[in-house]
Amino acid sequence: MADPNESQTQGPPYGYPPAADPTGARSLRDYWRVLVQRRWVIYTCLIAVVSVTMILTFFTIPIYEAVTTIQIERQGPDILTFKDVVSSDSSAYAYQDFYQTQYKILQSKSVVKIAVERLDLATRPEYLNRKPALLPRAVGSVLSFLRPGSASGQSVDPTETAVRFVQGGMSVRPIRNSQLVSIAFRDRNPELAREITDALAEAYVAFNYQNKYGTTELAREFLTKEVVQAQAELATLQRRLQDYGDKKKILAVADGAQDISEQALADLNRRYIEAKTRTAAAQARYENAVGAPPDSLPEVLNSPLIANLKQQYAEVERKYSQMTERFKEGWPPLMQLKQELQQAQARLQQETLGIASQVQSVTTAEYERARAEMSHLEAQVNSQKSEVQRVNRDAVDYTGLQAEIDSKRKILADLVARQTQTTSSERLKETSASNVRIVDGAELPRHPVSPRRTLNLAVALLLGMISGVGMALFLDHVDNSIKSEQDVAMNSGLPVLAHIPLFQSLQVVTEDGAPVNSSSQLDFASHNDSRSMLAEAFKSLRTSVLLSTPDRPPVRIMITSCEPQDGKSTASMNLAIVLAQLGRSVLLMDADLRRPRLHRAFNVSDAVGLSSVLTGNAEIERATFDTFVPGLRLLPSGPIPPNPSELLDSPGLENLLRALEKTGYDHILLDSPPMLSVTDPIVLASRSEVCLIVVRAGKTIREGLREAASRLQKARPRTVGAILNGVSDRAGHYYYRKYSYYRAQDGTADSSNSVGPLRARARSR
């Protein structure tokens, strides 16, 4: 056996395109293939959407639209110079809010009700005698059926119904970058639409006019009451102020005196702080004079007398030092000079102590004087504080009453002025001045605005195409079956060695008129018509298999599938046939010891076969049979054993394969059971050089392929590949369509040619 690790380094066979991207990324060609394959889904969605849209379009009642244009200003004419009661803010946000509010008022129930009452719409025949459209009528019938008696016993106001009717058909459309607004109404009756639109504009003008001057009148009445009440409150406050002044003996609040007392307090406080500063400085000088050595005081250091005495002392000391170097201690002049030195020193100390004592006396006196001044100012500050508090306490209530009276007087003056202005504004009602004007009245509409047949058809085509494409992609997404080579690569990582086209059998008869089984046509397609598409597909598989191993063509080739009915036996027989057509000795072994089929296809007995050889009940020569294909022999399965897995896993199978190789077989093909059904394929794969798994397009599911590929690779054969079976031209495989066309143009054969008595057509479905 070859090294199983070599399979990890081998690429795809010669002539085989690289595998698809295993990350799952799709190209535009993949999506186009999906759309082409499911084109009937797209056609169905497109026809359905277009049909429904056009039916609804042609059965829809034509709708006409009338438009009235009005101008809405934020403020009315500036006839008066003062501010009116109803006014607007000038900010940008208030500007937007104002117009949004007016648009809502235009559509409000109050404005619409005024228009309905002006038109007497609830009693007009063109409104009462109309029938609802087909769709609303059907919806109403369904609702009445689902909720029987829901409207019974309830009286419906005709005016309210008419108001809802107008609100449902009207729309407000602001004209950008202007103060103009279009009021539109849609209805099946063009004359009624025009009248309702004009009535809505007039109703809004009337509502705005009444709202403005009604608010002004209410404001005038309110201001009159407020003026009377403010006058009464002002008189009461004045009496309270007079009584409080008499009780507290306050003639008037002396604001100036209050300011003087506070100023005096501030002055005393300033002087007190300065005194504290001086006291601190005097204390520092006092403590320095008392605690410091006498000769370190500034007064001592700066005294001329002390400086002169120090100079005299230094001179005597110099002379004394000179004489001590020349004379002995007992010499009289030296003794006299020593006395002078002592006298100079004593006088220097006496003068120093005298100056220090004088400095201490002066600093002590200054310190005591500063402390006395600070204590006196502190007492004055406390006394002045009490005086200021008394003045403030006596005047606070009086001042509060006085301020309240002043505030009431100001409010009364403002109320009287506003009352006068409101009275003048109310008189503007007689001028009919307003900030809303009708610019253009509604004209009688001549052409309907709905339905728009051309637009509906275009939209239906677009929506139908989008829905069809979406449905096709959705169906492709939910379909978890393997459909293409890319699906095989993404779900198993295996290279696809060949694509077997879908075989759709015709009614085939022999020369004697007997029908031929379609399965036999497919099983021996490579033999019956060696130039058919099926035969060419298996020849391509043969080339891939022969080039799959680098040192020599593989001998042991196992063919399996994920599940039954995937076409593994058919692939085994056809591959064996095309290998035998090369003049090689091929043995086809039916290793499916559970549900064998090869003996029936070749019409041989399975009384003796593989199971007989493995159990020692027969020799290999008795178990193999010649077939009608030159160079191809068959080893059927033999009797079905009770333990197929144990029998295949025994050393007898390996010994049998080695014996067959020595016999001279160039290729041994093992037709294995399906991978997901039993464990037999894993045993067979471990004894094979090349393992091929047949994947049925449109049938094999992705999860099953992943599981089968995982199990197969655990057996570690040299090469593992996939055969994509049942591929149709609708799946996007351009090669088979081109090949069929090439065969049809050939003068010697076409896709329906056959060899021998059988005539079969192999074409893509």
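Glu703 and Arg706 both sit in helix α25 (residues 702–714), three residues apart, about one turn of the helix. Helices here are DSSP runs of H or I with at least four residues, strands are runs of E with at least two, and both are numbered from the N terminus. An α-helix has 3.6 residues a turn, so residues three or four places apart point the same way. The side chains of Glu703 and Arg706 meet in a salt bridge, 3.9 Å from N to O. A salt bridge needs a side-chain nitrogen of Lys or Arg within 4 Å of a carboxyl oxygen of Asp or Glu.

Glu703 is partly exposed at 40% relative accessibility. Arg706 is also partly exposed, at 39%. Buried means under 20% relative accessible area, exposed over 50%, and partly exposed in between, with a 1.4 Å probe and protein chains only.

## Basis of the model

This is a predicted model, in which local features need pLDDT of at least 70 and side-chain atom pairs count only at pLDDT 80 or more, while totals for chains, interfaces and linings use all residues. Residues are numbered from 1 along each chain as its sequence is written, and side-chain values use heavy atoms, with hydrogens and water left out.

## Salt bridges across the sequence

The whole structure holds 28 salt bridges. One of them joins Arg173 and Glu65, at 2.2 Å from N to O. Arg173 lies in strand β2 (residues 170–174) and Glu65 in strand β1 (residues 64–72), so the pair ties together parts 108 residues apart in sequence. Arg173 is partly exposed, with a relative accessible area of 32%. Glu65 is buried at 16%.

Glu202 forms a salt bridge with Arg118, and their closest N and O atoms are 3.8 Å apart. Glu202 belongs to helix α8 (residues 190–248) and Arg118 to helix α4 (residues 109–119), so this pair ties together parts 84 residues apart in sequence. Glu202 is partly exposed, at 39% relative accessibility. Elsewhere, salt bridges that share partners join Arg556, Asp649, Glu654, Arg658, Glu661 and Arg687 into one network.

## Aromatic pairs

A search of the whole structure finds eight aromatic pairs. Rings of Phe, Tyr and Trp (its six-membered ring) pair if their centres lie within 6.5 Å; planes under 30 degrees apart count as stacked, over 60 as edge-to-face and the rest as tilted. Phe98 and Tyr99 are edge-to-face, 5.0 Å centre to centre with 85° between the planes. Both Phe98 and Tyr99 are buried. Together with Tyr103 they form one aromatic cluster.

The ring centres of Tyr127 and Phe165 are 5.1 Å apart and their planes meet at 50°, so the pair is tilted. Tyr127 lies in helix α5 (residues 125–128) and Phe165 in helix α7 (residues 158–169), so the pair ties together parts 38 residues apart in sequence. Tyr127 is buried at 12% relative accessibility. Phe165 is partly exposed at 22%.

Helix α18 (residues 568–580) has 13 residues and should span 18 Å at 1.5 Å a residue; its end C-alpha atoms are 18 Å apart, which agrees. The expected span is 1.5 Å times one less than the number of residues. Of its 13 residues, 13 are buried, so α18 is largely enclosed by the rest of the structure.

Asn574 is found in α18. Asn574 counts as buried, at 0% relative accessibility. A polar atom of its side chain lies 3.0 Å from the backbone oxygen of Leu522. The backbone oxygen of Asp523 is also 3.0 Å from a polar atom of the Asn574 side chain. Beyond neighbours within four places in sequence, Asn574 is in contact (heavy atoms within 4.5 Å) with Leu522, Asp523, Phe524, Ala525, Ser526 and Phe538.

Key
Polar contact = N/O pair within 3.5 Å; in protein donor to acceptor, adjacent residues only side chain to side chain.
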